[in-house]
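Work through the exercises below with the structure open beside you. Try each task before reading its solution.

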Amino acid sequence: MADYSLMEKYESIRYRFEEVGSQITDPSVMGDMKRYVKLNQEYKRLELLTTAFKDYKSTIDNIESGKQMLAEETDEDIREMAREEVEASEALIPEKEQNIKLLLIPADPEDGKNAILEIRAGTGGDEASIFAGDLFRMYSKFCERRGWRLEITNTSEGTSGGFKEIVATITGEGVYGVMKYESGVHRVQRVPQTETQGRVHTSAATVAVLPEAEEFDIDLRDSDIRKDTYCSSGPGGQSVNTTYSAIRLTHIPTGIVVTCQDQKSQIKNLAKAMIELRTRIYNQEHQKYLDAIASKRKTMVSTGDRSAKIRTYNWPQGRITDHRINLTIYNLQAVVGGDLDEIIDKLQVEENAERLKEAEI
């Protein structure tokens, strides 16, 4: 049975859609970049809603015309066709209503942004660094599958392979909205390469995913930033070039420090470092938002509390368990090979269900 009350919302949505469409062509609005970007984001959401409502209304009209035909027609073949049309259209109603209800809930404005990925080795010594390297390769392959661009900003390599720490930027369509589910502690259970007795060890690495701040999100003054340059270094601390291309930026008011030594060009390193610095400052405020929702949505605990254990990778059993939604799957090699879609899809479904319950639409 169709929820006809949903159609009552359509007129106000359509009016706002036309209003925003007019505003984004106004020269005075186009001159205010912050407002222009927000209106553009709203326009895209309203456009999706308007299209969904039109499709929903078309389905309802098909049901009503089919029922009218059943009431008026005497030809049995025509009645059968009408009956099939009504049944097929009614079967589509729940999915279309669910889609509209989700679209009616304001999306996280950060979801469409690029992201900064940060992986740090945790407990487990050399094995933790090796695991951090495994996670980075997993995300690299996942980004490749999605058509996203991943660029390393800064690394600190482990003594036996992998990374003590690695930071990268990911650019593409809706990156943060997907990658945000990966923030938290990832645990691995396996026989380490360094183990001589064949015993299974448990190690961990921490993943943080931050929405990349736009230039207009943060008012960053040059006077608040101290810039230091130094020679880039590789494993063991040896210099990998003789020019002072590596950049260290310190934001004096907050004490936040970022470094970038990935590029041979000081200018390119500075540009990358500025993006990361802007993002880290922005995320101090964004974290307050995450903390506010963390207690409400179990699927979002990872982004609200980065110390939360979110996933276990068990090599001997070929098993992966996501602890937020009690999901266990036995395709470890596919997942570490970049096939994260099944896990993320289930997390998104769970979060959407929670958002609908919270919104009470």
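**Exercise 1: A threonine in a strand**

Thr259 has its place in strand S8. The model is a predicted one.

Task: Decide whether Thr259 is buried or exposed, and find which side chain its own side chain meets in a polar contact.

Solution. 
- Step 1. The relative accessibility of Thr259 is 18%. Buried means under 20%, so Thr259 counts as buried.
- Step 2. Its side chain makes a polar contact with the side chain of Asn154, at 2.8 Å.
- Step 3. Setting aside neighbours within four places in sequence, Thr259 is in contact with Thr153, Asn154, Tyr230, Ile247, Arg248 and Glu276.

**Exercise 2: The sheet around it**

Task: Work out in what order the three strands of the open sheet run, and which strands stand at the edges.

Solution. 
- Step 1. The order is S6-S7-S8, with antiparallel pairing.
- Step 2. Strand S6 (225–230) and strand S8 (256–260) each have a single partner strand, so they stand at the edges, and one side of each lacks a neighbour in the sheet.
- Step 3. From one strand to the next, the twist averages 15°.
- Step 4. Strand S7 (residues 246–251) pairs with S8 over five bridges. Ile247 stands opposite Cys260 in S8.

**Exercise 3: Salt bridges**

Task: The structure holds 28 salt bridges. Trace what Asp55, Asp134 and Arg280 pair with.

Solution. 
- Step 1. Asp55 forms a salt bridge with Lys96, with the closest N and O atoms 2.5 Å apart. Asp55 is in helix H3 (residues 33–72) and Lys96 in helix H4 (residues 76–104), so the pair ties together parts 41 residues apart in sequence.
- Step 2. Asp55, at 37% relative accessibility, counts as partly exposed. Lys96, at 18%, counts as buried.
- Step 3. Asp134 meets Arg190 in a salt bridge at 2.7 Å, N to O. Asp134 lies in helix H5 and Arg190 in strand S4 (residues 184–190), 56 residues apart.
- Step 4. Arg280 forms a salt bridge with Glu276 at 2.8 Å between the closest N and O atoms. The two are four residues apart in helix H7 (residues 266–294), so about one helical turn separates them.
- Step 5. Salt bridges with shared partners join Glu118, Arg120, Glu165, Glu276 and Arg280 into one network.

**Exercise 4: The largest core**

Task: Find which element gives the most residues to the largest nonpolar core.

Solution. 
- Step 1. This core has 37 residues; Tyr313 and Leu135 are among those that touch the most other members.
- Step 2. Elements giving two or more residues include strand S1 (115–121) and helix H5 (126–146).
- Step 3. H5 gives the most, with eight residues.

How values were computed
Residues are numbered from 1 along each chain as its sequence is written. This is a predicted model: local features need pLDDT of at least 70, side-chain atom pairs count only at pLDDT 80 or more; totals for chains, interfaces and linings use all residues. Side-chain values use heavy atoms; hydrogens and water are left out. A nonpolar core is a set of buried Ala, Val, Leu, Ile, Met, Phe, Trp, Tyr and Cys residues joined through side-chain atoms within 4.5 Å. Buried means under 20% relative accessible area, exposed over 50%, partly exposed in between (1.4 Å probe, protein chains only). Two strands pair if DSSP finds at least two bridges between them. Axes are lines fitted to C-alpha atoms, for helices over the stretch in contact, and angles run from 0 to 180 degrees between N-to-C directions. A polar contact is a pair of N or O atoms within 3.5 Å; within protein, one must be able to donate a hydrogen and the other to accept it, and residues adjacent in sequence count only if both atoms are side-chain atoms. Contact means heavy atoms within 4.5 Å. A salt bridge is a side-chain nitrogen of Lys or Arg within 4 Å of a carboxyl oxygen of Asp or Glu.
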